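Me: I am new to this structure. Please show it, and then take my questions one at a time.

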Amino acid sequence: AYSIWMGTFHSIFAKILREEAHIIQYKNNFTIYDNEDSLKIIRRIIKDKKLDKEVYQSKYIFSRISIMKNQLIDYKEYKKTEELINYDKINKRTEFVNIFNEYSNICHQANCMDFDDLLLNTYYLFRDNPEILEKYQVLFKYILIDEYQDTNKVQDKIIKQLGEKYKNICIVGDDSQSIYSFRGANVKNMLNFKLFYKNVQEFKLEQNYRSTKNIVTVANTVISNNKEK
């Protein structure tokens with residue numbers, strides 16, 4: 001059991017990135033920024049650009065950058081996407097793409113990654129380096145992920161990268177408990193699992209051990225209105 005890896009997406013990917021940092025032009029002692037570190041940088045960029053703080057609210061800017069990264073959209077992809085640029089024009093935030101660009105450059109030059117970079121850079125590492133991907137495919141011959149209803153696009157893509165060789169993937173989750181769409185989670189990752197992989201076996205755990213009958217009945221009545229289950 002000593003060779004088993006266990007942890008969150010972020011902790012496991014941070015471990016991989018420290019091992020392979022040189023391939024993506026980082027040093028392996030890179031710093032991981034927390035949200036407050038990121039907000040400080042964004043506030044400074046907004047101040048240096050003399051932008052209206054009411055229009056360019058730092059928390060909104062950071063949240064939007066985070067959602068973009070979780071959708072596999074970095075600043076290079078962002079500036080090529082007409083729909084996103086037009087959205088910023090309509091909302092009078094045409095400088096957003098430049099803030100995104102500068103924020104990304106500052107992080108890279110300082111040898112730092114935020115939480116979303118840990119996901120995005122792992123995806124790019126595997127996408128652009130087949131021999132590195134195969135190394136970790138062999139290492140992670142069997143993969144188990146809990147709470148799959150709360151995964152986002154980039155997490156789902158990385159699992160598909162890692163699982164491509166052996167396809168030994170077990171996911172656990174409840175599509176009725178997906179509540180994190182506001183931060184990028186996509187319940188369709190779970191709902192479409194059986195469409196992407198062949199020969200999927202499904203095990204339903206339908207006995208409830210922690211709620212009274214009344215609570216379960218009310219919950220199931222609400223859930224029954226969900227048309228996409």
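Reply: Helices (DSSP runs of H or I with at least four residues) and strands (DSSP runs of E with at least two) are numbered from the N terminus. The model is predicted: local features need pLDDT of at least 70, side-chain atom pairs count only at pLDDT 80 or more, and totals for chains, interfaces and linings use all residues. Residues are numbered from 1 along each chain as its sequence is written, and side-chain values use heavy atoms, with hydrogens and water left out.

Me: Which helix supplies the largest share of the lining of the second largest pocket?

Reply: A pocket is an open set of points on a 1 Å grid over the protein atoms alone, where a 1.4 Å probe fits, with protein on both sides within 12 Å along at least five of seven lines; lining residues have an atom within 4 Å of a point. The largest share, five residues, comes from α3.

Me: Which residues are closest to the centre of the second largest pocket?

Reply: By class, its lining divides into 21 nonpolar (Ala, Val, Leu, Ile, Met, Phe, Trp, Tyr, Cys and Pro), eight charged (Asp, Glu, Lys and Arg) and 13 polar residues (the others, Gly among them). Of the 42 lining residues, the closest to the centre are Gly7, Thr8, Phe9, His10 and Gln155.

Me: How are α3 and α5 oriented to each other?

Reply: Axes are lines fitted to C-alpha atoms, for helices over the stretch in contact, and angles run from 0 to 180 degrees between N-to-C directions. Helix α3 (residues 58–70) and helix α5 (residues 82–90) pack at about 165°, with axes 14 Å apart. Angles over 145 degrees count as roughly antiparallel, so α3 and α5 are roughly antiparallel.

Me: Which residues of α5 make the contact with α3?

Reply: Contact means heavy atoms within 4.5 Å. From α3 come Tyr60, Arg64 and Met68, and from α5 come Leu84, Tyr87 and Asp88.

Me: How are α3 and α7 oriented to each other?

Reply: Ser66, Lys69 and Asn70 in α3 meet Asp116, Asp117, Leu119 and Leu120 in α7. The axes of α3 and α7 come within 9 Å and cross at roughly 20°. Angles under 35 degrees count as roughly parallel, so the two helices are roughly parallel.

Me: How many residues of each class are in the contact of α3 with α6?

Reply: The axes of α3 and helix α6 (residues 96–109) come within 11 Å and cross at roughly 75°; they are therefore roughly perpendicular (65 to 115 degrees). Ile61, Phe62, Arg64, Ile65, Met68 and Lys69 in α3 meet Phe96, Ile99, Phe100 and Tyr103 in α6. By class, this contact has no polar, two charged and eight nonpolar residues.

Me: Which helix gives the largest share of the lining of the largest pocket?

Reply: About 1800 Å³ of space lies in the largest pocket. Gly173, Asp174, Met190, Phe203 and Leu205 are the closest to its centre, out of 40 lining residues. At least two lining residues each come from β4 (169–171), α10 (188–191), α11 (193–196) and α12 (213–223). The largest share, five residues, comes from α12.

Conventions
Points joined across faces, edges and corners; volume = space filled by probe spheres on them.
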